[in-house]
Amino acid sequence: METVSVLPEIETKPATATMISGSEALMHSLVAEGVDTIFGYPGGAIMPVYDALYDFQDQINHILVRHEQGAGHAAQGYARMQGRAGVVLVTSGPGATNLVTAIADALIDSTPMVCIVGQVGKKLLGTDAFQEADVMGVTMPITKWNYQITSADEVAEVVAKAFYIAQIGRPGPVLIDITKSAQQEMMTRPFTYEPCAGIVSYRPRLTPKQDQLEVAAKLINNAKRPYILAGHGVQIAKAEDELRAFAEKTGIPVATTLLGQSTISTDHPLYVGWLGMHGNYGPNVLTDQADVIIAVGMRFDDRVTGDASKYIRQAKVVHIEIDPSEVDKIIKAHAPVIGDAKESLRALLPLVHENDHTIWRNEFRRYDAIEYEKITEPELSSTEGKIRMAEVIDMLSRKTNGEAVLVTDVGQHQMMASRYYKFRRPNSLVTSGGMGTMGFALPAAFGTQMGAPDRQVVAIIGDGCFQMTLQELGTIVQNKQPVKTIILNNNFLGMVRQWQQLFHQRRYSFVELQNPNFVMIAQGFGMDGHTCDARESLSDSLDKLLAHDGPYLLEVVVEKEENVFPMVPAGASISQIRLS
Amino acid sequence: MTTYTICVFTSNTIGLLNRITIIFTRRRINIESLTVSETERKGVSRFTIVIKHESRDEVEKLVRQIRKIVEVLAVFGYLNDEIVFNEIALFKVSTPLGGKAIDVETVNKKHKAWVVYWGLDYVVIEKTGTETEIFDFFAYLRLNHEILEFVRSGRVAVGKTEQGLVEYLPEADWAYYL
């Protein structure tokens, strides 16, 4: 192992007189790492660890979920609120493979997570033993790092390294596969814990190079139509203040990606909207008119660029990014700045000139007016037919003053939530962006509430998504977390239906659902709830939801065949954005 | 198609080969040859991976993605003229009683190859050189003899720059590897 300690031993636990087991070493290591919450599910190959956990209940709050995928998504929500790794504990074989979706989701959305997975005993490895799966092989492409522990002596060092790797640089999921024999056997030396202070082969650059900053500053200072695209990296680096200061000094308009939303308040005069397939009209179209793009902590996902070969060919690109492999991956950067978003923006601030770019900024307002007239206004002012998703989100936004944390699933409701919720506080949107994992929201909302007990957490879920992980209602009720769940029920897999309508001549292939009684299901789990299917009662329904003491489920029956616009058709260039 | 030689320096860990090759698989890049050995630094392995590719941009992206692996210390992508490279081949050649004798002089002097094992009715010839030289020799042998088995090692290469690996590592860590 190449863990090198630069710091003197700072937090070394006193060596215990008697030797301890691998499982106990794992518990002590987690406590030393400051872990107080774990999401997990026991099983055969992890039982020694659960036995050790029994004696640590006063220090570690273990949350028993209903399915391992739920543990993963809950840990993701928790991690995004806490800004540190969420911890998952599951058994071997099916326990681990059930977790795979959440690991892949965490990797693509840069969410720190430490997954501890049981494995069969060392002697049984590779023998097709009961509940044995090659979890190392399965998770290798979807983890930032993974490691198999086969002896108790390795535990402390590997746990320290796991937390370090998960959290430093561009965060991501790591996985520790620990054999049952390593859990059971006794250490051969006294237990000590030393936090990992660095790894020789992994030194992410946090502080940008001066020459890169100067090139970037020159481009920005000479720009006539500069444009900031702020991504998830801003939120991960907690660089919201630096972003705002940078934008305010330079007068440059700011758009965000899907996951970059809430990094700047929607009522800030420099905020122009969000980007992407269903993002705002002006922010998308005007990327093609900017002369300098300042991309901060974003990776030019294809949902943002549309056809990348036609994207921002006219512009010079400043790319502020912590992961060097993202630079030039999709879009060539003329001025790459490798570093943490917070440090980079802070270092760039004194190098850029004050400006206000009023004329350029006003162009966004012109497009806003068109979008409002063609889309927003009709969506929000309809008086006939069923309730529209936009109305629900808009009303929720006003009732919560834009200060709730929204946890959204994947599909039309996700896009509508982003379009109509007016975020006013940082770190207020938890969603599955890169992976687009249906079933993410309910368990993630639970984890989000655990990670942010002082905030109002509202899960916005579609009727299709809800049925993928609805068993986690049980986890929410058992742990008395006041998660508010809104199901926007259109009895369809709405986004797929929309595509079938627009691009497949309305050939609705397997998108209509025969849904259960959602409120009755919630009640079956011991959660209160009710259904709203009339526009007149929507306001009262939302009031009831928000005021309820404890978890609550509100089903809103919405228009069946509603479409999300604007829309950039898949594979088209963003200039081909459609308003209807 | 251009030949690229990618040299990857890593700490010696189980499973790392898999992690590296996954990156090639994902991008549907075929590996022409791959060799791994420990370097002059204890605990540091060197992977030499040869690929053919049309786009330098894509190869650069590949190199950056390999660099991202936690255990990878350094990665270099080289064109042929930037490296000294070689590989080794073994030929098992049939020498039946009454068959054509091996022309040892041609084998030695023209092809710089050596008989390294004499079996009862076969010999094993070792040839070191570039792919071209090895295939020239292969053609010569096949014309005159029956080749029972043929195996190539894959390329090994060192860069032509004057720096050693250690100079690419953070200075603070030199002591660790020296």
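Me: Between which helices of chain A does the loop with Gln505(A) lie?
Reply: This is a predicted model: local features need pLDDT of at least 70, side-chain atom pairs count only at pLDDT 80 or more, and totals for chains, interfaces and linings use all residues. Residues are numbered from 1 along each chain as its sequence is written; chains are lettered from A and ligands numbered from 1 in the order in which they are written. Helices (H or I, at least four residues) and strands (E, at least two) are DSSP runs, numbered from the N terminus. In chain A, the loop with Gln505(A) lies between helix 20 (494–503) and helix 21 (518–524).

Me: Is Gln505(A) buried or exposed?
Reply: A residue is buried if 20 or more other C-beta atoms lie within 10 Å of its own, exposed if 12 or fewer, and partly exposed in between, with C-beta atoms placed from the backbone. Gln505(A) has 7 C-beta neighbours inside 10 Å, so it counts as exposed.

Me: What is the phi of Gln505(A)?
Reply: Most residues other than glycine have a negative phi. Gln505(A) is not a glycine, yet its phi is positive, near 50°.

Me: What is the phi of Gln131(A)?
Reply: Gln131(A) lies in the loop between strand 4 and helix 5 (135–139) of chain A. With 16 C-beta neighbours inside 10 Å, Gln131(A) counts as partly exposed. Gln131(A) is not a glycine, but its phi is positive, at about 55°.

Me: Which residue does a cis peptide bond join to Phe565(A)?
Reply: Most peptide bonds are trans. Here omega is about 0°. The cis bond joins Phe565(A) to Pro566(A).

Me: In what order do the six strands of the open sheet in chain A stand?
Reply: Two strands pair if DSSP finds at least two bridges between them. The pairing in this sheet is parallel. The order is 2-1-3-4-6-5.

Me: Why is one side of strand 2 and of strand 5 of chain A left without a neighbour in the sheet?
Reply: Strand 2 (61–64) and strand 5 (145–149) of chain A each have a single partner strand, so one side of each has no neighbour in the sheet. The twist from one strand to the next averages 20°. As for the place of strand 2 and strand 5, they stand at the edges.

Me: What angle does helix 6 of chain A make with the direction of strand 6 of chain A?
Reply: Helix 6 (residues 155–167) packs on the sheet, touching strand 4 (113–119), strand 5 and strand 6 (173–179) of chain A. Contact here puts two C-beta atoms, placed from the backbone, within 7 Å. Axes are lines fitted to C-alpha atoms, for helices over the stretch in contact, and angles run from 0 to 180 degrees between N-to-C directions. For helix 6 and strand 6 of chain A, the angle is about 165°.

Me: How many residues has the largest nonpolar core?
Reply: A nonpolar core is a set of buried Ala, Val, Leu, Ile, Met, Phe, Trp, Tyr and Cys residues joined through C-beta atoms within 7 Å. Val88(A), Ile293(A), Val296(A), Val318(A) and Ile486(A) have the most contacts inside the largest one. That core has 202 residues.

Me: Which residues does Val318(A) touch?
Reply: Residues up to four places away in sequence are not counted. The partners include Ala216(A), Leu219(A), Ile293(A), Ala335(A) and Val337(A).

Me: What distance separates the centres of domain 1 and domain 3 of chain A?
Reply: Domain bounds come from an automatic or database domain assignment. It divides chain A into domain 1 (22–184), domain 2 (210–363) and domain 3 (386–558). Taken over C-alpha atoms, the centres of domain 1 and domain 3 of chain A are separated by 29 Å.

Me: How many residues does domain 1 of chain A give to its contact with domain 3 of chain A?
Reply: Domain 3 of chain A gives 24 residues. Domain 1 of chain A gives 23 residues.

Me: How many helices and strands has chain B?
Reply: The pattern along the sequence of chain B is β-α-β-β-α-β-β-α-β-β-α-β-β-α. The total is five helices and nine strands.

Me: What share of the residues in chain B is buried?
Reply: Chain B has 178 residues. Its C-alpha trace spans about 65 × 35 × 30 Å along its principal axes. The buried share is 24%.

Me: How far apart do the C-alpha centres of domain 1 and domain 2 of chain B lie?
Reply: Chain B is divided into domain 1 (2–83 + 158–177) and domain 2 (84–152). Their C-alpha centres lie apart by 31 Å.
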